[in-house]
Amino acid sequence: MLVVYKPGSGRKLQRHVRWLRAQAEQRQITLSWYETTGFYGRDYDAIRLLLQVESAVVVVGGDGTINLVVNAMCGSSAQLACLPAGTGNDFCRQFGYTEKQWRATVFSSHCIALDLGAIGERCFVNIAGVGFNADVVQSLRGQKHGGALSYVWGGLKQLFCAPTIELKTAQGRGLTRAKT
């Protein structure tokens, strides 16, 4: 089983890592650990390589780590389990599971199919953001100390400094950014 996580000292992350290590020892399972580097291409390639020998992946993290792993899993028969440990955890929150229920999914044989969207070569399972949404997320990189409220604060700040964007439909071509 492959465990992919974004390094950090968050309480949720550390709690899930301790639990996974204890479970692996108790169940006599070998875990392969992959700590993301923050470089999408490097992480994508490494995870794809690891998936050649692993049949299950556990993501301990948030939406960004899940997105990375889902893209690396495309075309693989590996199964995905998540232990939410991100800032917003939008993808995981939609299921309404408790921490106990999320942990139960890690060793469950029950699977559900998820819809997969794609824009160009990139896939997504939750949402894809452009324009204002993307500017808010970009402005927060590495500065999410306020938990989910970080997004609210980031959104308020971007209201005053985000550029306007003109997005054309499939009939027109291109994406134009203009300063306000």
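**Entry 1: helix H5**

Which residue's side chain meets that of Glu99 in a salt bridge at 3.3 Å, N to O? I looked it up, keeping in mind that this is a predicted model. The partner turned out to be Arg103. Both residues sit in helix H5, four residues apart, and that is about one turn of the helix. I noted that Glu99 and Arg103 belong to one network with Arg15, joined by salt bridges that share partners.

Next I checked how open the two ends of this pair are. Arg103 has 14% relative accessibility and counts as buried, because the cut-off for buried is under 20%. Glu99, at 33%, is partly exposed.

I then followed Glu99 to Arg15. These two form a salt bridge whose closest N and O atoms are 2.9 Å apart. Arg15 belongs to helix H1 (residues 11-27) and Glu99 to helix H5, so I wrote down that this pair links distant parts of the chain, 84 residues apart. Arg15 has a relative accessible area of 33%, which puts it down as partly exposed.

What joins the side chains of His16 and Arg103? I found a polar contact of 3.5 Å. His16 lies in helix H1. With 1% relative accessibility, His16 counts as buried.

**Entry 2: counting salt bridges**

How many salt bridges does a search of the whole structure find? The search gives three. Asp90 and Arg93 are three residues apart in helix H4 (residues 90-93), so about one helical turn separates them. Asp90 is partly exposed, at 34% relative accessible area.

**Entry 3: cysteines**

A disulfide is a covalent bond between the sulfur atoms of two cysteines. The count comes to zero. I used a cut-off of 2.5 Å between sulfurs here. Cys92 is buried, by the way, at 2% relative accessibility.

Cys123 is buried, with 13% relative accessible area.

Last, I went looking for empty space. Rolling a probe the size of a water molecule over the atoms shows where empty space is left. I picked the second largest pocket, which has a volume of about 800 Å³. It is lined by 31 residues, and the closest to its centre are Gln79, Leu80, Ala81, Ile112 and Leu114.

Which elements each supply at least two residues of that lining? My list has strand S3 (56-61), helix H3 (63-73), strand S4 (79-84) and helix H5 (99-106). Helix H5 is also where I found Glu99 and Arg103.

Then I sorted the lining by class. For the second largest pocket I get 24 nonpolar residues, seven polar ones and no charged ones.

Key. Residues are numbered from 1 along each chain as its sequence is written. This is a predicted model: local features need pLDDT of at least 70, side-chain atom pairs count only at pLDDT 80 or more; totals for chains, interfaces and linings use all residues. Side-chain values use heavy atoms; hydrogens and water are left out. On a 1 Å grid over the protein atoms alone, a cavity is a set of points where a 1.4 Å probe fits but cannot get out, and a pocket is an open set with protein on both sides within 12 Å along at least five of seven lines; lining residues have an atom within 4 Å of a point. Grid points are joined across faces, edges and corners, and a volume is the space filled by probe spheres set on the points. Ala, Val, Leu, Ile, Met, Phe, Trp, Tyr, Cys and Pro count as nonpolar, Asp, Glu, Lys and Arg as charged, and the others, Gly among them, as polar. Buried means under 20% relative accessible area, exposed over 50%, partly exposed in between (1.4 Å probe, protein chains only). A salt bridge is a side-chain nitrogen of Lys or Arg within 4 Å of a carboxyl oxygen of Asp or Glu. A polar contact is a pair of N or O atoms within 3.5 Å; within protein, one must be able to donate a hydrogen and the other to accept it, and residues adjacent in sequence count only if both atoms are side-chain atoms.
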